Amino acid sequence: MKRAVAAILAILIFIVLGLAFAKIPFGNVNLEDYHYYNPIQDKQTSDSVPAHYLKEGKNETGSTNIVTAVVVDYRGFDTLGEVTVLFLASTGVGSVMYIFEKEKRRKVRRANAVVETASKLLFGFIILFGAYIFVHGHLTPGGGFPGGAVIASSFLLLYLAYPKFHAEHKSLNVAESLAGLTFVGVGLIGLLVASYFLYNFLPFGLPTYLFSAGVIPIIYVAVGVKVGSELTGIVDAMMGVRE
Amino acid sequence: MNWIDLSLSILGYIFIGIGSFFLLLASIGLLRMPDVYNRMQTATKATTLGALSVLFGVGLLNLHWMPKSMVIALFILLTAPVGASALARASYKSGIALWKGSVVDKYKEEKEEE
Amino acid sequence: MDLFMVVSLILIIAMLIAALVAAESRDLISAAIAMGVVSLIASILFYMLQAPDVAITEASIGAGLSLAIMIFAIKHTVRWEK
């Protein structure tokens, strides 16, 4: 009875939400109807914010991937916050699982020989792919978060194949702290050079080249290393064997 | 379009057709096979062959895509058997019985020899 | 009704079924795998809606890492819901 009531309530809420969102125009807005004050150009324009990003993003940030331009340049401070949230989550999982792990040790059972050999072969390729995703974040789809997740999944493969494997906590901590310091340090240099945090102070270079878009590749490499080491820390806390 | 391009694209479509035929066979086998291990066999062997054939055909359609599709094919060749062996071993260890008509069980024989 | 609409409708229906399985299943491991299927179809839909960045992130985190972490958590606790 309770389940049926809950299901009917959920369906009603979905219908109301659908009706509420039905009137919001996605995509085909008539942009000329709106007028905004644009602080960068210091005048009234008919540009909405997404239209401004699409039109001027490449010139203002040097990045050909507009999503990266928004994530790292226009909304760089939000990205710092997201990385901090991930760091806190990793720390929480580590502290909880450490207490849990002390009481009960996992039974160690060797994996298949096929899996061991193949994971040895594939590990380097997966790391390379993750590094490719975040190094080319300003040119092609991808960036620090998916790249870091791919790197963490390569470590997950090693944990699954070798039950006794565990990552060096000291080097994970060093990589993570260095990446965070790089992010904040680049932002502070921007604060010194111009008057705002995360100012893009390096020359933009030619678009579509690897060394372009100023500080965006540096920040994205830092985000990738940071996310990768944090997620690896979570995986390690969940299934690492301590001896 | 000269005759090399034409013949290459015809060959490419033939390979894509063969690949999709094997993928279809794999999905029929997934429905028809009696137990986990036989299903695993169709889901990896026939699917690997079908995917490789489709990738080769796509590479023939446009020769610029050939290196990329060959790299993808290499990774499918590397990963599909490993995943299948891990899955089969895990399901054997968790106690899923073989089909009644199975004649050989090498894993059990090896265990008994030890 | 063009091809895009048909394919996305099929994907959305499959996603709904997987979500129902995840909610209703008593076996927590199959519930976690159904969650992984939901993430995978969501990433395909993101790719079809021309958001490849989100698609990569969803595929690697939603269908890969979080599924593995959930299964470890289930292994540490109980598998069958009472």
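How many residues does the contact take from chain A, and how many from chain C? The structure on display is a predicted model, and this tour visits the two sides of chain A that touch its neighbours, beginning with chain C.

**First stop: chain A and chain C**

Please select chains A and C. Their contact takes 15 residues from chain A and 11 residues from chain C. On chain A, highlight helix 6 (144-161) and helix 8 (216-239), each of which supplies at least two residues of the side that touches chain C. Helix 6 of chain A gives the most to this side, with seven residues. Colouring by class shows that the side of chain A touching chain C has 12 nonpolar and three polar residues, and no charged ones.

**Second stop: chain A and chain B**

Next, display chains A and B. Here six residues of chain A are in contact with five residues of chain B. The side of chain A that touches chain B divides into five nonpolar residues and one polar residue, with no charged residues.

Now select helix 5 (residues 113-135) of chain A together with helix 3 (residues 66-93) of chain B. Two packed helices are described by the angle between their axes and the distance between the axes. For this pair, the angle is about 150° and the axes are 9 Å apart. The crossing of helix 5 of chain A and helix 3 of chain B is left-handed.

Finally, show the side chains where the two helices meet. From helix 5 of chain A come V114(A), V115(A), A118(A), L121(A) and L122(A), and from helix 3 of chain B come L78(B), V82(B), S85(B) and A86(B). By class, this helix contact has eight nonpolar residues, one polar residue and no charged residues.

Definitions and conventions:
Residues numbered from 1 in each chain as written. Chains lettered and ligands numbered in written order. Predicted model: local features only at pLDDT ≥ 70, side-chain atom pairs only at ≥ 80, totals over all residues. Contact = placed C-beta atoms within 7 Å. Helix = DSSP H or I, 4+ residues; strand = E, 2+ residues; numbered from the N terminus. Nonpolar A, V, L, I, M, F, W, Y, C, P; charged D, E, K, R; others polar. Axes fitted to C-alpha atoms, helices over the stretch in contact; angles between N-to-C directions. Left-handed = near helix turned anticlockwise from the far one by under 90°.
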